[in-house]
Amino acid sequence: MPPADAPPPDEWNLFPDPTTGRVDVYHEGDYVGAITGDEPADPDPPIPHPVAPAN
């Protein structure tokens, strides 16, 4: 069991869309951006960038 004063876990949530290949990325409930598949090869892994959320 973690100590009582331990910080909460660092939460990352990834929501892939298998029809488009886009992956929306959230950190601690806030939208960070997306991986769309057209990012440059470097850096690897790709860094999420701002994209209008899919509706």
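I started at E28, which sits in the loop between strand 2 (23–27) and strand 3. Strands here are DSSP runs of E of at least two residues, and helices are runs of H or I of at least four, numbered from the N terminus. I looked up the backbone of E28 and found a positive phi of about 50°, although E28 is not a glycine.

I noted the ground rules next. This is a predicted model: local features need pLDDT of at least 70, side-chain atom pairs count only at pLDDT 80 or more, and totals for chains, interfaces and linings use all residues. Residues are numbered from 1 along each chain as its sequence is written, and side-chain values use heavy atoms, with hydrogens and water left out.

**Overall layout**

I looked up the secondary structure and got zero helices and three strands. Along the sequence the pattern reads β-β-β. I then checked burial (buried is under 20% relative accessible area, exposed over 50%, partly exposed in between; 1.4 Å probe, protein chains only). Buried residues are 13% of the 55 in the chain. The chain exposes about 4,500 Å², and carbon and sulfur atoms supply 61% of that area. The areas come from the Shrake-Rupley method with a 1.4 Å probe.

I also looked at contacts, meaning heavy atoms within 4.5 Å. Of the contacts with a separation of 6 or more, 7% join residues 24 or more positions apart.

**Aromatic rings**

How many aromatic pairs does the structure hold? I found two. Rings of Phe, Tyr and Trp (its six-membered ring) pair if their centres lie within 6.5 Å; planes under 30 degrees apart are stacked, over 60 edge-to-face, and the rest tilted.

F15 and Y26 pair edge-to-face, at 5.6 Å centre to centre with 80° between the planes. This pair links distant parts of the chain: F15 is in strand 1 (residues 12–16) and Y26 in strand 2, 11 residues apart. F15 counts as partly exposed because its relative accessibility is 47%. Y26 has 24%, so Y26 is partly exposed too.

Y26 also pairs with Y31: the ring centres are 5.2 Å apart and the planes stand at 65°, so this pair is edge-to-face. Y31 is at 26% relative accessibility and therefore counts as partly exposed. I logged F15, Y26 and Y31 as one aromatic cluster.

**Cis bonds**

Where is P43 placed? I found P43 in the segment after strand 3 (30–35). The peptide bond from D42 to P43 is cis, with omega near 10°. P45 is also in the segment after strand 3. A cis peptide bond joins D44 and P45, with omega about 10°.
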